[in-house]
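User: I am new to reading protein models, and I would like to learn how to go through one feature by feature. Could you take me through the one shown here?

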Amino acid sequence: ISLARRSSSYLRIVLTPRNRVARIMNKQYKYLYIVSVLLLLSGAALAVIDHPVFDIIYGLGAFGYTAYYLLTPTDELTGTLRRAVRMGVFSGLLFLISAAARFDTFASFGQGLWLVFLALGLIYMIYGNVLLYIDERKKQ
């Protein structure tokens with residue numbers, strides 16, 4: 001989730017990574033991010049239906065989100081941007097753990113454990129995007 005300054009579309013504000021990290025990445029990876037976040041959000045929202053297909057959709061979204069940040073080159077980034085990428089990787093790993101919990105991997109801990117990992121992943125995702133936003137404001 002990214003914070004864009006001037007955008008006419010709500011979907012563009014929420015899902016497009018508008019920062020220097022995204023400019024370094026190829027355009028194909030930008031679409032990986034967008035599709036993965038859409039899969040992640042739709043899989044999480046459709047969890048109330050309790051169908052295995054939505055668990056797979058959620059897992060694919062978590063995998064794509066994690067892959068996006070793992071493929072981000074960090075050689076030429078500043079310290080703040082590297083920290084934001086690390087936050088993205090960590091939130092992706094939390095989303096993957098959450099996806100594993102959706103398949104009853106941690107059934108002995110309860111059915112709602114995936115929501116705990118989802119919430120933690122969202123907190124780190126938001127924190128990383130706030131770091132990117134603050135860095136962009138400092139550069140301008």
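**Reading the model step by step**

Analyst: Of the 140 residues of the protein, 41% count as buried, where buried means under 20% relative accessible area, exposed means over 50% and partly exposed lies in between, with a 1.4 Å probe and protein chains only. This is a predicted model, in which local features need pLDDT of at least 70 and side-chain atom pairs count only at pLDDT 80 or more, while totals for chains, interfaces and linings use all residues. Residues are numbered from 1 along each chain as its sequence is written, and side-chain values use heavy atoms, with hydrogens and water left out.

User: How many helices and strands are there in the protein?

Analyst: Helices (H or I, at least four residues) and strands (E, at least two) are DSSP runs, numbered from the N terminus. Here the protein has six helices and zero strands, so that, by this definition, the order from the N terminus reads α-α-α-α-α-α.

User: What span is expected for helix 5 and for helix 6, and what do they reach?

Analyst: The expected span of a helix is 1.5 Å times one less than its number of residues. Helix 5, with 24 residues, reaches 35 Å from its first C-alpha to its last, close to the 34 Å expected, and helix 6, with 27 residues, reaches 40 Å, close to the 39 Å expected. Among the buried residues of helix 6 are W114, F117, D135 and E136.

User: Which side chains meet in a salt bridge?

Analyst: A salt bridge is a side-chain nitrogen of Lys or Arg within 4 Å of a carboxyl oxygen of Asp or Glu. A search of the whole structure finds one, and in it the side chains of D55 and R102 meet at 2.7 Å, N to O. The pair links distant parts of the chain, with D55 in helix 4 and R102 in helix 5, 47 residues apart.

User: Why do D55 and R102 count as buried?

Analyst: D55 counts as buried because its relative accessibility is 11%, and R102 because its relative accessible area is 8%. F54, in helix 4 (residues 52-70), also counts as buried, because its relative accessibility is 17%. The C-alpha atoms of F54 and S42, twelve residues apart along the chain, are separated by 8.0 Å.

User: Where does D50 lie, and is D50 buried or exposed?

Analyst: D50 lies in the loop between helix 3 (27-45) and helix 4, and D50 counts as exposed because its relative accessibility is 65%. The phi of D50 is near 60°, a positive value in a residue other than glycine. In this loop we also find L46, which is partly exposed, with a relative accessible area of 32%.

User: Which residues make the surface patches?

Analyst: Patches are made of residues with over 30% relative accessible area and no salt bridge, where like charges are joined within 9 Å and nonpolar side chains (Val, Leu, Ile, Met, Phe, Trp, Tyr) within 5 Å. Accessible areas come from the Shrake-Rupley method with a 1.4 Å probe, and for residues only the protein chains shown count as cover. L46, V48 and I49 make a nonpolar patch of about 290 Å².

For charges, Lys and Arg count as positive and Asp and Glu as negative, while His and the chain ends are not counted; the place of a charge is taken as NZ of Lys, CZ of Arg, CG of Asp or CD of Glu. The positive patch is formed by R82, R83, R86, K138 and K139. Helix 5 (79-102) and helix 6 (113-139) are the elements that give two or more residues to this patch, and helix 5 gives the most, with three residues.
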